[in-house]
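Here is a short briefing to read with the model open beside you. Please have a look at the sequence and the structure first.

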Amino acid sequence: MRDTNTAPKAPAPEEAAPARRSRRRFLLGGLVAGGALLVGWGTRPPRQRLHTSEPLPVAQGTVALNGWIAIAPDGTVSVVVPRSEMGQGVHTALPMLVAEELDAPLAKVRIAPAPIDKIFGNLAVLRENLPFHPDERGNVKDGTQWMLGKIGRELGIMFTGGSTSVKDAWMPMREAGAVARAMLVKAAAEAWKAQPADLRTEDGFVIHKDGRRASYGSLAARAAQVGAGIDAGDVRLKEPREFGLIGKSVPRPDTPAKVDGSALFGIDARPPGMLYAAVRMAPVVGAGLAWFDAKPVLAMPGVVRVVDVSSSAGQYAGAGAGVAVIARSWWQAKTAAAALTVRWHEEEGRALSSESIFKRFADALDNESGYAYFESGTQDVSGVAKTVTAEYRAPFLAHATMEPVNCTAQVADGKVHLWASTQVPSIAVDVAAKVAGVAREDVTIEVMLLGGGFGRRLEGDMVAQAVAVALAAGGKPVQLIWTREDDTTHDVYRPAALARFKASLDAAGRLLAWDNKSASGAIGHQYFPRNLGLPGMGPDKTTAEGEYDMQYEIANQRIAHVIVESPVPLGYWRSVGHSHNAFFKEGFLDEVAHAAGQDGVAYRRALLREHPRHLAVLDAALGKAGTPPDGRAHGVAVHQSFGSIVAQVAEVSVEGTEIRVHRVVCAIDCGMVVNPNIVAQQMEGAVVFGLSAALGGEITIKDGRIQQSNFGDYPVLRMDRAPLVETVIVPSLEAPEGVGEPGVPPVAPAVAAAVFKLTGKRLRSLPLRLA
């Protein structure tokens, strides 16, 4: 039986892994600043995650057994899924967790929309932002994670990102299913005057050992009464050996609707009387609105209103300053917005360019030591026979989601209603309330399917603009849609970065010391103020993740980062800092292995002797990949991110200056797997996403303007260039880890390693180009 009321013991003040010393005093200092009050609060158990603050809304006749589960008379089980479905399969995987512990047939499970409630907040994503090394153990790490989990429960931010959906739901949703099952058993036991020990559950029925059986639907009302006192601490969760559903490749129930076109995404919202809006935004980064002439546009067909959305929505990058046109059709709105005469305050922004930003990165690396996220040993080592140095760089990247940025809003009678494709419904509600000047309780939201998220829909800019426009629509709903050009030129971009490395080798090629310093902007410095109203300051883990938390066994390391701010709006992009830092780290390690006269795979093995899970993943990928055909080469990369370990082997050919990836073998250890099919799908999508960035993704800035605008100059991988992706899942009994993002980081370095074998050219800059 689990004891949910026991807090971990207080962390020892100086406990850390003996061979590794990580810098996190800035975080712990903030936690300690509250003094005795914070310590006292921190020792209390976290708030429950079983019951919502208000009764779960259900249809007549349906009975809610807790905040996650309701059962209808016909035995249909409604499961609240508080994470947004954007192709990653949460509408399949999360109900499987409940169905497993409830012993309900998955065919009888339906998805229920999640109300805005703090029990649905994502605790795991906050804990994942702690800058601890994956190998670190001890009370400091445990205690700080405990505290951050409690803070996350108090904040209650409904957040889909960081590859945390299954990780965060693993316990509360299973507990909800187990508690509901116990309630149903108790109801049957009282009705039959039987002992609970004589009852079992199977396929939506409670069954007595004498053969009597009752459906969950017939027991639900009684269970809600007699089982109300049962809590998560009163039930036993299944052991992995008892799983009958978790671990099976169950087909996704959302697939047919997406194939036949009946699935409804944000852009498909059609409330009665809906108008449309298009927006004209500043062409220069950071520019403000000076003046516009609405009169000619108001005479155009279908145009209803012209609205300045700069003051109400401008704080939410990348929207910035803008003027919206409301019309009876979107084409009318778009045409009118394009015809607007607008002047901008853009003089200061014209000095901004990619070259000036990278020069600032280089100057910072020349003159600043940076914040050391991880240090062990010393860089002043003896016996150095060879020194290897290199500089790597990565550009800004756009998200390029297939569904354009959109949001539908209605403001009427002091109430706001949203139809939105969002990864953060609770933040969307807060943004809408602020822009409309209403209470949070006066905002409702329908979270639609997302046609791609990748971090772009963690933002509130489209919500702020839509609500600002709806305020001027006389109570009618308005659907705001950005063009692809709007999206590409006003995104919140993956940060550009510059990294320098130095490795010291002895005469035998052994790696004695590793020094890595990088420079980039910090996403958190922008995201937290604009979306959460929290200060953006101090070190940002995402800037150095993938570098400071590498698990190669190098005795002497220093990994540091320098934050260099710029006006360019930054946002979370699939796999965040790992997306480029894995390329830097794995690429340089290949260089070190080559300088040592050794094979890159063998060199990695020697540095992972104490990491058997990493070696098992590497072996699984290599075993599946086999030998490359003539004219092709294999490149290998290993990287851990979001708790999961991924090794990839890329099979590459080069024709002239064209790099062609034919096949990628991807092995992953992501802990216990809920649905193997979904893991394979996510690895396939991650590889294609990562290859799009590796081979063509680049956002450049000149005279303050984003140079790319659509898929013609910001290409994504086309179907005829997509490789065969083969996924190998390495079995594990560890708790589930991330899946949506870990397949992205190893792609670029694996391809670059293969290109070096074929051409002898070392590619240190993304995107990978031979010309």
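The notes below cover confidence, cysteines, aromatic rings and charges over rings.

This is a predicted model, in which local features need pLDDT of at least 70 and side-chain atom pairs count only at pLDDT 80 or more, while totals for chains, interfaces and linings use all residues. Residues are numbered from 1 along each chain as its sequence is written, and side-chain values use heavy atoms, with hydrogens and water left out.

**Confidence**

- The mean pLDDT (the predictor's confidence in each residue, from 0 to 100) is 93 for the protein, and 94% of its residues reach 70 or more.
- Over residues 1-37, pLDDT stays under 50, and the model has 70 contacts beyond four places in sequence for them; a contact means heavy atoms within 4.5 Å.
- Where pLDDT is low, the predicted coordinates should not be read in detail.

**Cysteines**

- With a disulfide defined as a pair of cysteine sulfur atoms within 2.5 Å, the count comes to zero.
- Cys670 is in no disulfide: the nearest cysteine sulfur, that of Cys666, is 9.9 Å away.
- Cys670 is buried, at a relative accessible area of 2%. Here buried means under 20% relative accessible area, exposed over 50%, and partly exposed in between (1.4 Å probe, protein chains only).
- Cys407 is also buried, with a relative accessible area of 0%.

**Aromatic rings**

- The structure holds 16 aromatic pairs. Rings of Phe, Tyr and Trp (its six-membered ring) pair if their centres lie within 6.5 Å; planes under 30 degrees apart count as stacked, over 60 as edge-to-face and the rest as tilted.
- Phe454 and Phe689 make a tilted pair, 4.6 Å centre to centre with 40° between the planes.
- That pair links distant parts of the chain, 235 residues apart: Phe454 is in the loop between strand E18 (443-447) and helix H15 (461-470), and Phe689 is in helix H22 (residues 676-695). Helices (H or I, at least four residues) and strands (E, at least two) are DSSP runs, numbered from the N terminus.
- Phe454 is partly exposed at 23% relative accessibility, whereas Phe689 is buried at 12%.
- Phe689 also pairs with Trp573: the ring centres are 4.8 Å apart and the planes are at 40°, so this pair is tilted.
- Trp573 lies in the loop between strand E22 (556-563) and helix H19 (578-595), so its pairing with Phe689 ties together parts 116 residues apart in sequence.
- One aromatic cluster is formed by Tyr392, Phe501, Trp514, Phe583, Phe584 and Phe588.

**Charges over rings**

- The charged end of Arg213 sits over the ring of Phe205, 4.5 Å from its centre. This calls for NZ of Lys or CZ of Arg within 6 Å of the ring centre and within 35 degrees of the ring normal.
- Arg393 lies over the face of Phe358, 3.7 Å from the ring centre.
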